[in-house]
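Here is a friendly note to read alongside the model. Please keep the 3D view open as you go through the points.

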Amino acid sequence: MTGPEYAHRFVEQVNESNLTLFLSSFVEKVETGLVIIKNCDGIINLKCKAVVVAVGCRERTAGAIAMAGERPNGVWTAGQVQKWVNIYGKLPCKNPIILGSGDIGLVMARRLTLEGAKPQMVLEVQKTTSGLKRNIAQCLNDFDIPLHLSTTVAEVVGYPNIEGVYIAKVDDNMKIIDATKEYYPCDGLVLSVGLIPENGLIKDAKMNNKTNSFVVNEYNETSINGIFACGNVLHVHDLVDFVTAESMKTGRFASEYAKGNLHYGVSHEIKAGNGVRYTMPNSFFEGSGEIEILFRVLTKYVKTNILVKDTDGNILAKKFVISANAGEMQSIKFKKDNASSDIVVEMEG
Amino acid sequence: MNFDYAIIGGGVVGSAILNKLTRLGKSCVLIEKESDVGFGSSKANSAIIHTGFDCTPGTLKAKLNVRGAEMFPEIAKRLGVKIVNNGHLVVGNDVDRLNELKEKGEKNGVKGLEVIDFERLHEMEPMLSNDIRYALFAPTGCIVPSYELAVAFAEEAVVNGAVVKLGFDTKEVTNKNGIYVISNGNEEVFAKVIINACGSGYNDIAKLIGSESYPLQFRRGEYYILDKNHSNVCTHTIFPLPTKESKGILITNTVAGNILVGPTSYECDASTKTTTAGLNEVKEKALSEMPSLPLRGNIRVFSGVRNISGNDFIIEKSKRKENVINLAGICSPGLSSAPAIAEMVAELLGLNPNEEVKDLKCLQKKIIMADLSLEEQNEIIDKNPSYGKVVCKCENISLGEIVDAVNSPIPARTVDAVKRRTRAGMGRCQGGFCIFSVMEEIAKAQEISFDEVEKDALGSKIIQSEIKPSGGMAEWLKNFISMLSFWVVVQAEWLLHWKPKKMVRQLQLLSVKINLAES
């Protein structure tokens, strides 16, 4: 199934429901019990019992990575190129170079190839790719597009239009090695250098600097009562399956909250341990039942166990993984019946 | 077309001159080779109205800066450009030099200067390094969005009858019976007097006119812009002690709420590229002043080029050609001096800068939704619903504001021209979301196709071509036949090595590749 087909199933569900929709509407302000929106009808105050924030993420730009060189026409983010190609049917470049091996960059390498452009190469500054293995195989290998690891753009050349880039290897500290500079002509530079949760809407919530987003409890509720978050605004996902599951869960919790049925109890933290970058959620309440923890690992692991431990070192849950790498989200379920302290998620070995 | 005055170069100085001469009732034309006014150095600088304390007393720079700074608050108000009196600080531990600077400033006529101590300084700027003990405080210092200023100067002139020719690349200047003929190869403009305000292109135009050339030197300055989230970093413009080359790497708040950090200063060609070394220098020096400066929150880096000719501005009547005014080497504090330079040019032309004609029109007040209260926004949306549709979510810019910009007295013709007028695309996503609507509105207003819309400079078309066209029925048939023939081959192979998944995959790929090869 294609992405639009998948999304359309939900569009149909919404259309068949009796939900009131405010499209082309901008949220001016969110607080507990109140959402103020602006659209062509004016400013509208919406009173509500619970709010779910699902505004997604934005792409990092050339400015954000302090790209050196000229700032010509032709340096775009992968998402911009995606919209021009997929929605408008236009090509902004014919022989681009792609910087960053994020999934949108990889998908765009394939899309551009199919639509008549010839991406020359994909550069990744890290030692490993940040995209899914599946995308490397299906988007690059299948179309003979070379991937250069530990390589980045040292300088953009050309004004007013991009004419080429100097690419260079980087050392272990991500410093450019000048001796390896090489010039490649190109008519576009497509950036897929990371996604940032669009967290500006809820300014007062407690933030997690690992995910660049909110700290949430097991109901995906932020530190502000009644404001929930899910999807890429909470943490950047790579698979829509996780997004769907997380959103359904959050929606259910939000509606239980609105009915006053949500159980709060003694709260304990969920911490990121050895080899784990962050966990989602960040805390849980004592009680019974099972919760699923989503997390990302820091480096590549092969044939090892994911462990959930309490502060005394007792193992509460264990899951074997054949391989885990930084680009792919991991999950583990654990029964909280026996947990009465903070817990740590870690990789064995 | 016949004019009294032709100003070549539509930077902030050229636009200010156009504005002044038009207000004195003269018929004027502004000739700019780029796609918008306020290009070049006018859009890439520290956006500061200096007070004039560090100019050498007796120079044009000192005189014009102090006068310009005095004039600015009123002019900005008239033009509808936001100006903020944030106050400037020169920080350092060398009290003697700070006192010297203060004396110099007082000699230049700068008011309110004082040297302040640790306690007061750190109360004003708590994030400053504790190693910094003193500062010279210039309370009259201001900040202003420089690109908006050039546009506003020129637009107000247009409203009062001036003509602005954009994309007019001057190729030839001749003099017929005392009238200058300025030509770009297709079009001719006639004027009695030429004012050369071309910035880095000064000598090129001087050569065409036959007026004096001056040795021009370029010094590049690189900057970081930080996200509005970090607007609490500082509330003043913080300079280090100036050196001979520049005013040093400063940290300043901006009118829009971003933090600006920079610039470097080194000799270069006229290109505005940034370098890793330069950006690292900005980082290092800024962090030494403010160790907790969140430079990771940067949303954009850029650089601008100062045009320098000797130690002072050159603003004079040409001695080699009659009725030509030369303006060269207008580096910092050129922005701060712009209105005073315009006055001086008027005087050089034998006009009294105070004798403005009556019944001058003002620019229509811009609607800026982000600055309004919810009630005020509601009223405006009630009258025109397009102000309720947000296009740029980072900066909260509505469709109505974009429509205003592409239909303003000098219509924004490019994506970046819209950005400079409305801020759509200046936020943290840098136009990632709004560029499409902006392109659509430009196409509508200019009556061109979506594909013709340019990013910024002339010739910077964003769209290169259509995607590969679908071949229709013929292509479908061709594909079908080629698929069939491969199917036969694969079937044969299938019998030999039983790897069905791989086979199917290869088959799919082959058909795709055949398609690509054919295209």
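1. Ground rules. This is a predicted model, where local features need pLDDT of at least 70, side-chain atom pairs count only at pLDDT 80 or more, and totals for chains, interfaces and linings use all residues. Residues are numbered from 1 along each chain as its sequence is written, chains are lettered from A and ligands numbered from 1 in the order in which they are written, and side-chain values use heavy atoms, leaving out hydrogens and water.

2. The largest nonpolar core. A nonpolar core is a set of buried Ala, Val, Leu, Ile, Met, Phe, Trp, Tyr and Cys residues joined through side-chain atoms within 4.5 Å; buried means under 20% relative accessible area, exposed over 50%, and partly exposed in between, with a 1.4 Å probe and protein chains only. The largest core has 52 residues, and B:Leu21, B:Ile195, B:Ile315 and B:Leu327 touch the most other members. Helix 8 of chain B gives the largest share of this core, eight residues. Helices (H or I, at least four residues) and strands (E, at least two) are DSSP runs, numbered from the N terminus.

3. Helix 5 of chain B. Is this helix enclosed or open? It is largely enclosed by the rest of the structure, because 12 of its 14 residues are buried. Among these buried residues are B:Tyr147, B:Leu149 and B:Phe153. They pack against helix 1, helix 2, helix 8 and helix 11 (415–422) of chain B, where contact means heavy atoms within 4.5 Å. Just after helix 5, B:Gly161 takes a positive phi of about 110 degrees.

4. A nonpolar patch on the surface. B:Met473, B:Trp476, B:Leu477, B:Phe480, B:Ile481 and B:Leu484 form this patch, with about 670 Å² of accessible area together. Patch residues have over 30% relative accessible area and no salt bridge; nonpolar side chains (Val, Leu, Ile, Met, Phe, Trp, Tyr) are joined within 5 Å, like charges within 9 Å. A salt bridge is a side-chain nitrogen of Lys or Arg within 4 Å of a carboxyl oxygen of Asp or Glu. B:Ile481 lies in helix 13 (residues 472–496) of chain B and is exposed at 54% relative accessibility. B:Phe480, also in helix 13, is partly exposed at 43%.

5. A strand residue. A:Phe228 sits in strand 18 (residues 227–229) of chain A and is buried, at 0% relative accessibility. Its C-alpha atom is 5.9 Å from that of A:Val51, although 177 residues separate the two along the chain.

Conventions. Areas by Shrake-Rupley, 256 points an atom, 1.4 Å probe, with all protein chains shown as cover.
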